[in-house]
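Subject: Structure handover

Hi,

Here is the structure we talked about. My notes follow below it.

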Amino acid sequence: MTIQQLIKQMPLQLLTPELETNASFHDVYTSDLLSAALAKVTEDHVWITVQVHQNILGVASIKQAAAVILSENLMPDQDLIKKAQEKNILILLSPFTSYETSGMLYNMLKEEKNGNK
Amino acid sequence: MENTITTSTDKKYVYEVIGADFDTIGSKALAVKKMLNNYFPKNDYLRRLGVCVFEAEANLAIHTTQGGTIEVLVFSDRVRITAKDNGPGMKDMKKALTPGFSTAPEIARQLGFGGGVGLNNIKRFADYFYIESSKKGTILTFEVWNDDDPTAH
């Protein structure tokens, strides 16, 4: 599934509209602990977190995450959004909790997998 | 002659990390990753190095007030990183290496640090890991090997 397809299926707000949304992902990792995300996130993942400080960009950039979803409409400051665009990191805002967002993505990916069988 | 591959190098880079500064954690790791991209194009290898340097950088920023240095030595088949500081040292090394144990302050925890898995992440992603600590400071050395090099190790 691509980020573009994801945005069409969920009410997510793209905070980095200047970036391409054709990156694809097949897995999701949810954690607010940066070391856990560093260990588990890959370029094939979307990372869901409530952390909205700049250190998340370091983690996402090092692991080349397909996108970061900030749950519960936690809006980061403009500086973070600007730096995310510079570092080519897609940032999405979700109105749902991390649990709900994860559940929705889990079902979407499962459906996609079943559809491809 | 084979030994010269890993015993001689002039490719040394030193990065300074500011102590008690959480905002910039990750910036040195990204700089190291970008620099190493000139030597090793493989993404997976660079990501492993990036994780390890990020954790080492976070430790210097969180656990020292005066910061420290991250020295990067580039060999053809591996990268050796040494993170040094003159901080208070680790009181109990065994505990420090136990997953989940952390002495990070509350403010760092609120930012998603201090889960007590940083050093274990380095152990997991690195091929060589050595740490020594005293009241005068801590020296952490690790290597990540590039398995693409047939002359490796």
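Chain B has six helices and five strands. Starting at the N terminus, its elements run α-β-α-α-β-β-α-α-α-β-β. Please keep in mind that this is a predicted model. Of the 153 residues in chain B, 48% are buried. The accessible surface of chain B is about 8,000 Å². Carbon and sulfur atoms account for 51% of that surface. I also looked at contacts in chain B between residues at least 6 apart in sequence. Of these, 66% join residues at least 24 apart.

**Strands of chain B**

Start with β5(B), residues 137-145. Seven of its nine residues are buried, so β5(B) is largely enclosed by the rest of the structure. Two strands pair with it. One is β3(B), residues 78-85, which runs antiparallel to β5(B) and is joined to it by eight bridges. In that pairing, B:T82 stands opposite B:T141. The other is β4(B), residues 128-134. β4(B) and β5(B) are also antiparallel, with seven bridges between them. Here B:E132 stands opposite B:I139. β4(B) and β5(B) form a hairpin, and two residues lie between them.

As background, strands of a sheet pair through backbone hydrogen bonds, either parallel or antiparallel.

**Helix α6 of chain B**

Which residues of α6(B) are buried? In this helix, residues 118-125, they are B:G118, B:L119, B:N121, B:I122 and B:F125. They span an arc of only 155° around the axis, so they sit on the same side of α6(B).

From chain A, the cover includes α2 (34-40) and α3 (55-63). From chain B, it includes α3 (43-63), α4 (93-96), β4 and β5.

**Nonpolar cores**

The largest nonpolar core has 64 residues. Within it, B:L36 and B:V72 touch the most other members. α3(B) gives the most to this core: twelve residues. Leaving out residues up to four places away in sequence, B:L36 touches B:L46, B:L49, B:V72, B:V74 and B:V79.

There is also a second, separate core of 17 residues. Its members include A:L19, A:A66, A:L92 and A:L105. In soluble globular proteins, nonpolar side chains tend to be buried together.

**Aromatic pairs**

How many aromatic pairs are there over all chains? The count is three. In one of them, the rings of B:Y13 and B:Y39 have their centres 6.3 Å apart. Their planes meet at 70°, over the 60 degrees needed, so this pair is edge-to-face. B:Y13 lies in strand β1(B), residues 12-17, and B:Y39 in the loop between α2(B), residues 27-36, and α3(B). The pair therefore ties together parts that are 26 residues apart in sequence.

B:Y39 also pairs with B:F40. That pair is tilted, at 6.5 Å centre to centre and 45° between the planes. B:Y13, B:Y39, B:F40 and B:Y45 form one aromatic cluster.

B:F40 is buried, at 5%.

**Chain A**

Five strands of chain A form an open sheet with mixed pairing. Their order is β1-β5-β4-β3-β2. β1(A), residues 13-14, and β2(A), residues 27-30, stand at the edges. Each has a single partner strand, so one side of each is left without a neighbour in the sheet. β1(A) pairs with β5(A), residues 91-93, in the antiparallel sense over two bridges. A:L14 has A:L92 as its bridge partner in β5(A). A:L92 is also one of the residues in the second core.

One last item is A:Q5, in helix α1(A), residues 3-9. A:Q5 is partly exposed, with a relative accessible area of 39%. A:Q5 and A:S102 are 97 residues apart in sequence. In space they are 16 Å apart, C-alpha to C-alpha.

Best wishes

Conventions:
Residues are numbered from 1 along each chain as its sequence is written. Chains are lettered from A and ligands numbered from 1 in the order in which they are written. This is a predicted model: local features need pLDDT of at least 70, side-chain atom pairs count only at pLDDT 80 or more; totals for chains, interfaces and linings use all residues. Side-chain values use heavy atoms; hydrogens and water are left out. Buried means under 20% relative accessible area, exposed over 50%, partly exposed in between (1.4 Å probe, protein chains only). Helices (H or I, at least four residues) and strands (E, at least two) are DSSP runs, numbered from the N terminus. The arc is that of the directions from the helix axis to the C-beta atoms. Contact means heavy atoms within 4.5 Å. Rings of Phe, Tyr and Trp (its six-membered ring) pair if their centres lie within 6.5 Å; planes under 30 degrees apart count as stacked, over 60 as edge-to-face and the rest as tilted. A nonpolar core is a set of buried Ala, Val, Leu, Ile, Met, Phe, Trp, Tyr and Cys residues joined through side-chain atoms within 4.5 Å. Two strands pair if DSSP finds at least two bridges between them. Accessible areas come from the Shrake-Rupley method with a 1.4 Å probe; for residues, only the protein chains shown count as cover.
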